[in-house]
Amino acid sequence: MKRRKFFQIIGGSVAALSFPYCITINQAQKPNIIFILADDLGWNNPGFMGSKYHETPNIDRLANQSVTFTNAYTNAPNCAPTRASIMTGQYTPRHGIFTVNNSDRGQAALRKLVPIKNKTILDKEKITIAEALKQAGYVSASIGKWHLGDDPEFGPEDQGFDVNVGGNRAGKPESYFSPYDNDNLTDGPPGEHLTERLTSEALSFIENNKNQPFFLYLPYFAVHTPLQAKKDIIEKYKQKPGTKAHNNPTFAAMLESVDQGVGKILDKLEALNLSENTMVIFFSDNGGVRKINSMEPLRGGKGMLYEGGIRVPLTIRWPNHIVPGSTCDVPVIGIDFFPTLMEIAGVMPPEGQVIDGLSLTPLFSGEKRLQRQAIFWHFPAYLQGKAEGARDPFFRTRPGGAVRAGDWKLIEYFEDSMLELYNLENDPGETDNLSKKMPEKTKELHDILIQWRLSIKAPVPTQLNPNYKKIPNPKSQ
Ligand SMILES: [Ca+2]
(Lines give C-alpha, C1' and ligand atoms only; values in the text may rest on other atoms or scores of the structure.)
Protein backbone atom coordinates (compact mmCIF):
# COMPACT_ATOMS: atom_id res chain seq x y z
CA MET A 1 0.00 0.00 0.00
CA LYS A 2 1.38 3.35 -0.96
CA ARG A 3 1.37 6.29 1.41
CA ARG A 4 -2.14 7.25 0.69
CA LYS A 5 -5.19 7.71 2.78
CA PHE A 6 -8.73 7.35 1.77
CA PHE A 7 -11.95 8.00 3.51
CA GLN A 8 -13.99 5.13 2.36
CA ILE A 9 -17.67 5.12 2.99
CA ILE A 10 -18.75 1.75 4.16
CA GLY A 11 -22.26 0.49 3.65
CA GLY A 12 -25.43 2.39 2.90
CA SER A 13 -25.75 4.94 0.19
CA VAL A 14 -23.11 7.52 -0.58
CA ALA A 15 -23.30 10.28 2.00
CA ALA A 16 -24.59 13.65 0.89
CA LEU A 17 -21.60 15.35 2.48
CA SER A 18 -19.43 15.60 -0.56
CA PHE A 19 -21.77 15.80 -3.48
CA PRO A 20 -24.54 18.32 -3.78
CA TYR A 21 -26.89 16.07 -5.72
CA CYS A 22 -26.61 12.60 -4.41
CA ILE A 23 -28.08 9.58 -5.99
CA THR A 24 -28.83 6.47 -4.04
CA ILE A 25 -26.52 3.63 -4.80
CA ASN A 26 -26.74 0.19 -3.33
CA GLN A 27 -23.28 -0.24 -1.90
CA ALA A 28 -23.89 -3.91 -1.22
CA GLN A 29 -23.78 -4.34 -4.96
CA LYS A 30 -21.30 -1.82 -6.22
CA PRO A 31 -21.65 -1.15 -9.93
CA ASN A 32 -19.09 -2.52 -12.33
CA ILE A 33 -17.45 0.06 -14.55
CA ILE A 34 -16.36 -0.38 -18.16
CA PHE A 35 -14.57 2.60 -19.67
CA ILE A 36 -14.03 2.18 -23.41
CA LEU A 37 -11.64 4.81 -24.75
CA ALA A 38 -11.18 5.08 -28.49
CA ASP A 39 -8.04 6.82 -29.75
CA ASP A 40 -8.25 9.78 -32.15
CA LEU A 41 -11.95 9.23 -32.77
CA GLY A 42 -13.51 12.49 -33.89
CA TRP A 43 -16.72 14.05 -32.64
CA ASN A 44 -18.81 13.17 -35.69
CA ASN A 45 -17.12 9.84 -36.49
CA PRO A 46 -19.52 7.24 -35.04
CA GLY A 47 -22.94 6.66 -36.58
CA PHE A 48 -24.79 7.96 -33.53
CA MET A 49 -22.90 11.24 -33.85
CA GLY A 50 -23.87 11.63 -37.49
CA SER A 51 -21.49 9.79 -39.79
CA LYS A 52 -23.22 8.45 -42.90
CA TYR A 53 -20.19 6.44 -43.98
CA HIS A 54 -18.85 4.76 -40.84
CA GLU A 55 -20.97 1.84 -39.65
CA THR A 56 -21.12 1.53 -35.88
CA PRO A 57 -24.34 -0.38 -35.11
CA ASN A 58 -23.13 -1.62 -31.73
CA ILE A 59 -21.90 1.73 -30.45
CA ASP A 60 -25.16 3.19 -31.76
CA ARG A 61 -27.05 0.52 -29.82
CA LEU A 62 -25.13 1.50 -26.71
CA ALA A 63 -25.95 5.17 -27.31
CA ASN A 64 -29.63 4.31 -27.68
CA GLN A 65 -29.54 2.93 -24.14
CA SER A 66 -27.40 5.76 -22.78
CA VAL A 67 -27.18 9.46 -22.14
CA THR A 68 -25.12 11.11 -24.88
CA PHE A 69 -23.16 14.24 -24.03
CA THR A 70 -23.07 16.54 -27.03
CA ASN A 71 -20.54 18.94 -25.49
CA ALA A 72 -18.02 16.48 -24.07
CA TYR A 73 -14.38 17.54 -24.05
CA THR A 74 -10.99 16.00 -23.58
CA ASN A 75 -8.43 17.81 -21.42
CA ALA A 76 -6.03 18.21 -24.30
CA PRO A 77 -6.04 17.88 -28.09
CA ASN A 78 -3.77 14.83 -27.98
CA CYS A 79 -3.29 11.50 -26.29
CA ALA A 80 -1.08 11.44 -23.19
CA PRO A 81 -2.31 14.54 -21.34
CA THR A 82 -5.93 13.51 -21.82
CA ARG A 83 -5.17 10.10 -20.35
CA ALA A 84 -3.29 11.54 -17.37
CA SER A 85 -6.23 13.83 -16.64
CA ILE A 86 -8.76 11.01 -16.86
CA MET A 87 -6.69 8.88 -14.51
CA THR A 88 -6.12 11.61 -11.89
CA GLY A 89 -9.13 13.94 -12.18
CA GLN A 90 -6.65 16.81 -12.57
CA TYR A 91 -6.05 19.54 -15.14
CA THR A 92 -2.76 19.21 -17.03
CA PRO A 93 -0.77 21.81 -15.01
CA ARG A 94 -1.12 19.64 -11.91
CA HIS A 95 0.47 16.55 -13.45
CA GLY A 96 2.72 18.33 -15.97
CA ILE A 97 1.85 16.12 -18.93
CA PHE A 98 0.94 18.78 -21.46
CA THR A 99 1.65 16.96 -24.70
CA VAL A 100 3.15 13.83 -26.22
CA ASN A 101 6.95 13.49 -26.01
CA ASN A 102 8.89 16.76 -26.16
CA SER A 103 7.16 20.13 -26.19
CA ASP A 104 9.46 21.68 -28.82
CA ARG A 105 8.30 19.78 -31.85
CA GLY A 106 8.71 21.25 -35.32
CA GLN A 107 11.46 23.51 -36.66
CA ALA A 108 13.27 25.64 -34.07
CA ALA A 109 13.21 28.63 -36.41
CA LEU A 110 9.41 28.62 -36.28
CA ARG A 111 9.14 28.67 -32.50
CA LYS A 112 9.03 32.17 -31.08
CA LEU A 113 8.99 31.00 -27.46
CA VAL A 114 10.80 28.37 -25.48
CA PRO A 115 7.98 26.01 -24.52
CA ILE A 116 7.43 24.63 -21.03
CA LYS A 117 9.18 21.31 -20.48
CA ASN A 118 6.86 18.37 -20.72
CA LYS A 119 6.58 15.30 -18.51
CA THR A 120 5.89 12.03 -20.30
CA ILE A 121 5.39 9.82 -17.26
CA LEU A 122 2.58 9.99 -14.73
CA ASP A 123 4.01 10.64 -11.28
CA LYS A 124 3.73 7.53 -9.18
CA GLU A 125 2.43 9.52 -6.25
CA LYS A 126 -0.65 10.48 -8.23
CA ILE A 127 -3.69 8.49 -7.20
CA THR A 128 -5.40 7.00 -10.20
CA ILE A 129 -8.99 5.90 -10.59
CA ALA A 130 -7.84 2.29 -10.23
CA GLU A 131 -5.98 3.00 -6.98
CA ALA A 132 -8.94 4.82 -5.53
CA LEU A 133 -11.39 2.10 -6.56
CA LYS A 134 -9.18 -0.56 -5.04
CA GLN A 135 -10.13 0.85 -1.64
CA ALA A 136 -13.72 -0.05 -2.41
CA GLY A 137 -12.86 -3.62 -3.31
CA TYR A 138 -12.69 -3.28 -7.07
CA VAL A 139 -10.47 -5.40 -9.26
CA SER A 140 -9.14 -3.41 -12.21
CA ALA A 141 -7.71 -4.08 -15.64
CA SER A 142 -6.11 -1.81 -18.20
CA ILE A 143 -6.39 -3.49 -21.57
CA GLY A 144 -4.82 -1.50 -24.40
CA LYS A 145 -2.92 1.77 -24.69
CA TRP A 146 -1.53 3.31 -21.50
CA HIS A 147 0.92 5.96 -22.77
CA LEU A 148 1.88 7.17 -19.28
CA GLY A 149 5.07 5.19 -18.64
CA ASP A 150 6.56 1.72 -18.64
CA ASP A 151 6.54 -1.02 -16.09
CA PRO A 152 8.14 -1.99 -13.73
CA GLU A 153 7.75 1.50 -12.28
CA PHE A 154 5.18 3.45 -14.21
CA GLY A 155 2.93 0.98 -15.99
CA PRO A 156 -0.73 0.31 -15.21
CA GLU A 157 0.18 -2.29 -12.58
CA ASP A 158 2.20 0.36 -10.75
CA GLN A 159 -0.80 2.68 -10.79
CA GLY A 160 -3.42 0.46 -9.22
CA PHE A 161 -4.43 -1.93 -11.98
CA ASP A 162 -4.37 -5.64 -11.21
CA VAL A 163 -4.10 -6.58 -14.86
CA ASN A 164 -2.25 -4.90 -17.72
CA VAL A 165 -2.54 -6.10 -21.28
CA GLY A 166 -0.54 -4.17 -23.84
CA GLY A 167 -0.04 -0.96 -21.86
CA ASN A 168 3.27 0.89 -21.75
CA ARG A 169 4.73 4.19 -22.91
CA ALA A 170 3.89 3.56 -26.55
CA GLY A 171 1.38 5.91 -28.10
CA LYS A 172 0.56 3.68 -31.05
CA PRO A 173 0.99 0.05 -32.04
CA GLU A 174 3.89 -1.06 -34.14
CA SER A 175 1.37 -3.17 -36.01
CA TYR A 176 -2.34 -3.92 -35.79
CA PHE A 177 -1.53 -7.52 -36.66
CA SER A 178 0.51 -10.05 -34.70
CA PRO A 179 3.47 -10.12 -34.16
CA TYR A 180 2.87 -6.93 -32.20
CA ASP A 181 6.37 -6.12 -30.94
CA ASN A 182 4.82 -5.09 -27.61
CA ASP A 183 6.58 -6.13 -24.39
CA ASN A 184 3.28 -6.16 -22.52
CA LEU A 185 1.36 -8.25 -25.01
CA THR A 186 2.23 -11.78 -26.03
CA ASP A 187 2.00 -12.35 -29.74
CA GLY A 188 -0.97 -14.27 -31.03
CA PRO A 189 -1.08 -16.47 -34.11
CA PRO A 190 0.44 -14.64 -37.09
CA GLY A 191 -2.05 -12.17 -38.45
CA GLU A 192 -4.20 -11.99 -35.31
CA HIS A 193 -5.89 -8.60 -35.19
CA LEU A 194 -4.99 -6.31 -32.28
CA THR A 195 -8.42 -4.80 -31.73
CA GLU A 196 -10.01 -8.27 -31.71
CA ARG A 197 -7.34 -9.52 -29.33
CA LEU A 198 -7.94 -6.67 -26.87
CA THR A 199 -11.67 -7.39 -27.04
CA SER A 200 -11.17 -11.06 -26.23
CA GLU A 201 -8.84 -10.13 -23.34
CA ALA A 202 -11.57 -7.82 -22.05
CA LEU A 203 -14.20 -10.55 -22.34
CA SER A 204 -11.99 -12.92 -20.33
CA PHE A 205 -11.49 -10.29 -17.64
CA ILE A 206 -15.25 -9.76 -17.35
CA GLU A 207 -15.89 -13.48 -17.21
CA ASN A 208 -13.19 -14.04 -14.58
CA ASN A 209 -14.44 -11.24 -12.34
CA LYS A 210 -18.18 -11.49 -12.79
CA ASN A 211 -18.73 -12.12 -9.08
CA GLN A 212 -16.98 -9.01 -7.74
CA PRO A 213 -17.03 -5.34 -8.59
CA PHE A 214 -14.66 -4.62 -11.46
CA PHE A 215 -13.25 -1.64 -13.33
CA LEU A 216 -12.36 -2.45 -16.93
CA TYR A 217 -10.41 0.34 -18.60
CA LEU A 218 -10.34 -0.54 -22.29
CA PRO A 219 -8.31 2.02 -24.22
CA TYR A 220 -8.26 0.57 -27.72
CA PHE A 221 -5.24 1.59 -29.80
CA ALA A 222 -7.64 2.10 -32.69
CA VAL A 223 -8.33 4.32 -34.53
CA HIS A 224 -4.87 5.84 -34.14
CA THR A 225 -2.41 5.42 -36.98
CA PRO A 226 -0.90 3.32 -38.53
CA LEU A 227 -3.88 2.97 -40.80
CA GLN A 228 -4.21 -0.80 -40.89
CA ALA A 229 -7.38 -2.87 -40.83
CA LYS A 230 -8.89 -6.19 -41.76
CA LYS A 231 -8.97 -6.67 -45.52
CA ASP A 232 -12.53 -7.91 -45.80
CA ILE A 233 -13.90 -4.87 -43.95
CA ILE A 234 -11.77 -2.49 -46.02
CA GLU A 235 -13.19 -4.10 -49.17
CA LYS A 236 -16.72 -3.48 -47.95
CA TYR A 237 -16.05 0.23 -47.54
CA LYS A 238 -14.27 0.46 -50.87
CA GLN A 239 -17.60 -0.47 -52.43
CA LYS A 240 -19.46 2.18 -50.48
CA PRO A 241 -19.66 5.81 -51.58
CA GLY A 242 -17.96 8.10 -49.10
CA THR A 243 -19.12 11.49 -47.94
CA LYS A 244 -17.19 14.72 -48.11
CA ALA A 245 -16.19 14.40 -44.46
CA HIS A 246 -15.70 10.63 -44.25
CA ASN A 247 -14.32 8.53 -47.08
CA ASN A 248 -11.32 6.52 -45.88
CA PRO A 249 -12.10 2.77 -46.19
CA THR A 250 -9.22 1.69 -43.95
CA PHE A 251 -10.13 4.13 -41.18
CA ALA A 252 -13.76 3.04 -41.43
CA ALA A 253 -12.70 -0.58 -41.13
CA MET A 254 -10.59 0.20 -38.04
CA LEU A 255 -13.60 1.81 -36.42
CA GLU A 256 -15.84 -1.09 -37.38
CA SER A 257 -13.51 -3.48 -35.54
CA VAL A 258 -13.85 -1.32 -32.43
CA ASP A 259 -17.60 -1.37 -32.93
CA GLN A 260 -17.62 -5.15 -33.12
CA GLY A 261 -15.65 -5.21 -29.88
CA VAL A 262 -18.17 -2.99 -28.16
CA GLY A 263 -20.93 -5.30 -29.38
CA LYS A 264 -19.23 -8.37 -27.94
CA ILE A 265 -18.75 -6.65 -24.59
CA LEU A 266 -22.40 -5.61 -24.40
CA ASP A 267 -23.43 -9.16 -25.33
CA LYS A 268 -21.15 -10.60 -22.66
CA LEU A 269 -22.68 -8.36 -20.00
CA GLU A 270 -26.11 -9.49 -21.09
CA ALA A 271 -25.16 -13.17 -21.06
CA LEU A 272 -23.75 -12.84 -17.54
CA ASN A 273 -26.74 -10.83 -16.36
CA LEU A 274 -24.45 -7.91 -15.54
CA SER A 275 -25.89 -5.22 -17.81
CA GLU A 276 -28.08 -3.69 -15.15
CA ASN A 277 -25.33 -3.21 -12.59
CA THR A 278 -22.60 -2.02 -14.96
CA MET A 279 -21.84 1.51 -16.07
CA VAL A 280 -20.49 1.56 -19.62
CA ILE A 281 -18.69 4.68 -20.82
CA PHE A 282 -17.64 5.27 -24.43
CA PHE A 283 -15.28 8.22 -25.01
CA SER A 284 -12.36 9.31 -27.19
CA ASP A 285 -9.05 10.85 -26.13
CA ASN A 286 -9.00 13.73 -28.65
CA GLY A 287 -10.43 14.80 -31.98
CA GLY A 288 -9.78 13.05 -35.25
CA VAL A 289 -6.79 13.62 -37.51
CA ARG A 290 -7.66 16.18 -40.15
CA LYS A 291 -5.84 14.52 -43.01
CA ILE A 292 -7.84 11.33 -42.43
CA ASN A 293 -11.29 12.77 -41.89
CA SER A 294 -13.18 15.94 -41.15
CA MET A 295 -14.91 16.89 -37.91
CA GLU A 296 -17.32 19.22 -39.72
CA PRO A 297 -19.21 21.22 -38.65
CA LEU A 298 -16.49 21.62 -36.02
CA ARG A 299 -13.27 23.41 -36.89
CA GLY A 300 -9.90 21.72 -36.87
CA GLY A 301 -8.88 18.36 -35.46
CA LYS A 302 -6.33 16.55 -33.34
CA GLY A 303 -3.62 18.84 -31.98
CA MET A 304 -5.74 22.00 -31.97
CA LEU A 305 -7.72 23.82 -29.32
CA TYR A 306 -10.51 24.39 -31.81
CA GLU A 307 -13.57 22.26 -31.15
CA GLY A 308 -12.52 19.58 -33.64
CA GLY A 309 -9.45 18.87 -31.53
CA ILE A 310 -11.07 18.62 -28.11
CA ARG A 311 -14.79 17.89 -28.47
CA VAL A 312 -15.44 14.16 -28.76
CA PRO A 313 -18.21 11.56 -28.60
CA LEU A 314 -19.32 10.54 -25.11
CA THR A 315 -22.13 8.23 -24.19
CA ILE A 316 -22.76 6.66 -20.77
CA ARG A 317 -25.06 3.73 -20.06
CA TRP A 318 -26.20 3.03 -16.54
CA PRO A 319 -29.56 1.28 -16.38
CA ASN A 320 -32.04 2.64 -13.83
CA HIS A 321 -29.95 5.77 -13.29
CA ILE A 322 -30.08 7.53 -16.65
CA VAL A 323 -32.82 7.99 -19.22
CA PRO A 324 -32.04 5.68 -22.17
CA GLY A 325 -31.53 7.51 -25.44
CA SER A 326 -31.33 10.92 -23.80
CA THR A 327 -28.91 13.73 -24.57
CA CYS A 328 -27.23 16.32 -22.39
CA ASP A 329 -25.67 19.50 -23.77
CA VAL A 330 -23.93 20.64 -20.57
CA PRO A 331 -20.18 20.95 -21.17
CA VAL A 332 -18.30 18.12 -19.45
CA ILE A 333 -14.60 17.23 -19.54
CA GLY A 334 -12.25 14.29 -18.95
CA ILE A 335 -11.43 15.22 -15.35
CA ASP A 336 -15.10 14.65 -14.47
CA PHE A 337 -14.81 10.87 -14.72
CA PHE A 338 -12.71 10.52 -11.58
CA PRO A 339 -15.24 12.06 -9.18
CA THR A 340 -18.14 10.43 -11.03
CA LEU A 341 -16.67 6.98 -10.58
CA MET A 342 -15.72 7.66 -6.97
CA GLU A 343 -19.28 8.62 -6.26
CA ILE A 344 -20.91 5.60 -7.85
CA ALA A 345 -18.42 3.30 -6.13
CA GLY A 346 -18.98 4.94 -2.75
CA VAL A 347 -15.43 6.18 -2.32
CA MET A 348 -14.51 9.66 -1.15
CA PRO A 349 -11.92 11.38 -3.36
CA PRO A 350 -8.42 10.72 -2.05
CA GLU A 351 -7.05 12.99 0.62
CA GLY A 352 -4.18 15.15 -0.54
CA GLN A 353 -5.02 15.09 -4.24
CA VAL A 354 -6.97 18.01 -5.61
CA ILE A 355 -9.70 16.79 -7.93
CA ASP A 356 -10.53 19.43 -10.53
CA GLY A 357 -13.48 17.65 -12.10
CA LEU A 358 -17.08 17.35 -10.96
CA SER A 359 -19.28 14.32 -10.68
CA LEU A 360 -21.64 13.98 -13.62
CA THR A 361 -24.34 12.23 -11.62
CA PRO A 362 -26.52 15.36 -11.21
CA LEU A 363 -26.78 15.42 -15.01
CA PHE A 364 -27.93 11.79 -15.02
CA SER A 365 -30.92 12.81 -12.95
CA GLY A 366 -31.84 15.78 -15.07
CA GLU A 367 -29.95 18.73 -13.61
CA LYS A 368 -29.26 21.32 -16.31
CA ARG A 369 -25.92 22.56 -15.09
CA LEU A 370 -22.90 21.71 -12.99
CA GLN A 371 -21.65 23.96 -10.22
CA ARG A 372 -18.80 25.62 -12.08
CA GLN A 373 -18.17 28.77 -14.03
CA ALA A 374 -16.01 27.38 -16.81
CA ILE A 375 -13.73 24.63 -18.09
CA PHE A 376 -10.13 25.18 -19.21
CA TRP A 377 -7.26 24.03 -21.39
CA HIS A 378 -3.57 24.81 -21.06
CA PHE A 379 -1.16 23.82 -23.81
CA PRO A 380 2.27 25.51 -23.39
CA ALA A 381 3.81 23.43 -26.19
CA TYR A 382 4.42 23.26 -29.92
CA LEU A 383 3.12 20.56 -32.23
CA GLN A 384 4.44 20.23 -35.73
CA GLY A 385 2.08 19.67 -38.59
CA LYS A 386 0.47 21.39 -41.48
CA ALA A 387 -3.13 20.46 -40.97
CA GLU A 388 -5.66 22.55 -42.77
CA GLY A 389 -7.75 24.52 -40.33
CA ALA A 390 -4.89 25.22 -37.97
CA ARG A 391 -4.12 28.78 -36.98
CA ASP A 392 -1.25 28.77 -39.41
CA PRO A 393 0.20 26.20 -41.79
CA PHE A 394 3.34 25.50 -39.77
CA PHE A 395 1.84 24.00 -36.65
CA ARG A 396 -1.24 22.22 -35.48
CA THR A 397 -1.03 24.51 -32.53
CA ARG A 398 1.31 26.93 -30.83
CA PRO A 399 1.47 27.52 -27.08
CA GLY A 400 -1.91 28.66 -25.86
CA GLY A 401 -4.86 28.22 -23.60
CA ALA A 402 -8.61 28.19 -23.83
CA VAL A 403 -11.69 28.61 -21.70
CA ARG A 404 -15.32 27.72 -22.23
CA ALA A 405 -17.92 29.49 -20.08
CA GLY A 406 -21.52 28.88 -21.07
CA ASP A 407 -21.78 29.26 -24.84
CA TRP A 408 -18.62 31.35 -25.02
CA LYS A 409 -15.13 30.18 -25.82
CA LEU A 410 -11.91 32.12 -25.80
CA ILE A 411 -8.57 30.94 -27.18
CA GLU A 412 -5.35 32.74 -26.26
CA TYR A 413 -2.02 32.31 -28.05
CA PHE A 414 0.99 33.05 -25.90
CA GLU A 415 3.40 34.05 -28.70
CA ASP A 416 1.56 37.24 -29.55
CA SER A 417 -1.22 37.44 -26.92
CA MET A 418 -3.73 37.05 -29.70
CA LEU A 419 -7.27 36.32 -28.52
CA GLU A 420 -10.10 34.62 -30.39
CA LEU A 421 -13.67 34.72 -29.09
CA TYR A 422 -16.45 32.48 -30.37
CA ASN A 423 -20.08 31.93 -29.51
CA LEU A 424 -20.46 28.16 -29.83
CA GLU A 425 -24.25 28.24 -29.72
CA ASN A 426 -24.46 30.39 -32.86
CA ASP A 427 -21.16 29.41 -34.39
CA PRO A 428 -20.07 25.87 -33.47
CA GLY A 429 -17.59 25.93 -36.36
CA GLU A 430 -15.67 28.86 -34.82
CA THR A 431 -15.76 30.84 -38.07
CA ASP A 432 -16.48 34.29 -36.66
CA ASN A 433 -13.86 35.62 -34.25
CA LEU A 434 -15.76 38.16 -32.14
CA SER A 435 -12.83 39.39 -30.05
CA LYS A 436 -12.67 42.80 -31.75
CA LYS A 437 -16.43 43.27 -31.91
CA MET A 438 -17.01 42.26 -28.29
CA PRO A 439 -14.10 43.57 -26.23
CA GLU A 440 -15.98 43.37 -22.93
CA LYS A 441 -16.96 39.73 -23.32
CA THR A 442 -13.42 39.00 -24.51
CA LYS A 443 -11.96 40.61 -21.40
CA GLU A 444 -14.43 38.81 -19.16
CA LEU A 445 -13.34 35.42 -20.46
CA HIS A 446 -9.70 36.36 -20.57
CA ASP A 447 -9.85 37.38 -16.92
CA ILE A 448 -11.47 34.06 -16.01
CA LEU A 449 -8.73 32.21 -17.88
CA ILE A 450 -5.93 34.25 -16.26
CA GLN A 451 -7.39 33.77 -12.79
CA TRP A 452 -7.62 30.04 -13.34
CA ARG A 453 -4.00 29.86 -14.51
CA LEU A 454 -2.90 31.72 -11.41
CA SER A 455 -5.00 29.52 -9.14
CA ILE A 456 -3.48 26.34 -10.56
CA LYS A 457 0.04 27.76 -11.08
CA ALA A 458 -0.06 26.94 -14.79
CA PRO A 459 3.32 27.74 -16.34
CA VAL A 460 3.15 30.14 -19.28
CA PRO A 461 6.11 30.28 -21.69
CA THR A 462 7.62 33.77 -21.91
CA GLN A 463 11.28 33.18 -22.78
CA LEU A 464 12.12 34.08 -26.36
CA ASN A 465 13.72 31.39 -28.49
CA PRO A 466 17.09 32.70 -29.74
CA ASN A 467 16.84 30.46 -32.80
CA TYR A 468 13.54 31.93 -33.89
CA LYS A 469 13.48 33.46 -37.39
CA LYS A 470 10.39 35.24 -38.46
CA ILE A 471 9.18 33.52 -41.57
CA PRO A 472 6.23 35.02 -43.42
CA ASN A 473 3.06 33.04 -42.99
CA PRO A 474 2.09 31.83 -46.50
CA LYS A 475 -1.58 32.18 -45.62
CA SER A 476 -1.17 35.92 -45.11
CA GLN A 477 0.67 36.47 -48.41
CA1 LIG B 1 -5.20 10.19 -29.28
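1. In this predicted model, Arg 299 lies over the face of Tyr 306, 3.9 Å from the ring centre. A second contact of this kind involves Trp 43: the charged end of Arg 311 sits over its ring, at 5.0 Å from the centre.

2. Phe 35 belongs to strand S1 and Phe 337 to helix H9, 302 residues apart, so the pair links distant parts of the chain. Both Phe 35 and Phe 337 are buried.

3. Tyr 53 and Tyr 237 form another edge-to-face pair, because their planes stand at 65°, with the ring centres 5.4 Å apart. Tyr 53 is in the loop between S1 and H1, and Tyr 237 is in helix H6, 184 residues away. Tyr 53 is buried, at 1% relative accessibility, and Tyr 237 is buried at 0%.

4. Ring pairs also build a cluster, with Phe 35, Trp 146, Phe 161, Phe 215, Tyr 217, Phe 283 and Phe 337 as its members.

5. A calcium ion is coordinated at 2.3 to 2.6 Å by Asp 39, Asp 40, Cys 79, Asp 285 and Asn 286. Its six donor atoms subtend angles of 53 to 153°, and the arrangement is therefore irregular.

6. Cys 79 is buried, at 2% relative accessibility, and Cys 328 is buried at 8%.

How values were computed:
Residues are numbered from 1 along each chain as its sequence is written. This is a predicted model: local features need pLDDT of at least 70, side-chain atom pairs count only at pLDDT 80 or more; totals for chains, interfaces and linings use all residues. Side-chain values use heavy atoms; hydrogens and water are left out. Buried means under 20% relative accessible area, exposed over 50%, partly exposed in between (1.4 Å probe, protein chains only). Donors are N, O and S atoms within 2.8 Å of the metal (3.2 Å for Na, K and Ca); water is not among the atoms, so sites may look incomplete. Four donors count as tetrahedral if all angles lie between 85 and 135 degrees; four count as square planar and six as octahedral if opposite donors are over 155 degrees apart and all others between 65 and 115; anything else is irregular. Helices (H or I, at least four residues) and strands (E, at least two) are DSSP runs, numbered from the N terminus. Rings of Phe, Tyr and Trp (its six-membered ring) pair if their centres lie within 6.5 Å; planes under 30 degrees apart count as stacked, over 60 as edge-to-face and the rest as tilted. A charge sits over a ring if NZ of Lys or CZ of Arg is within 6 Å of the ring centre and within 35 degrees of the ring normal.
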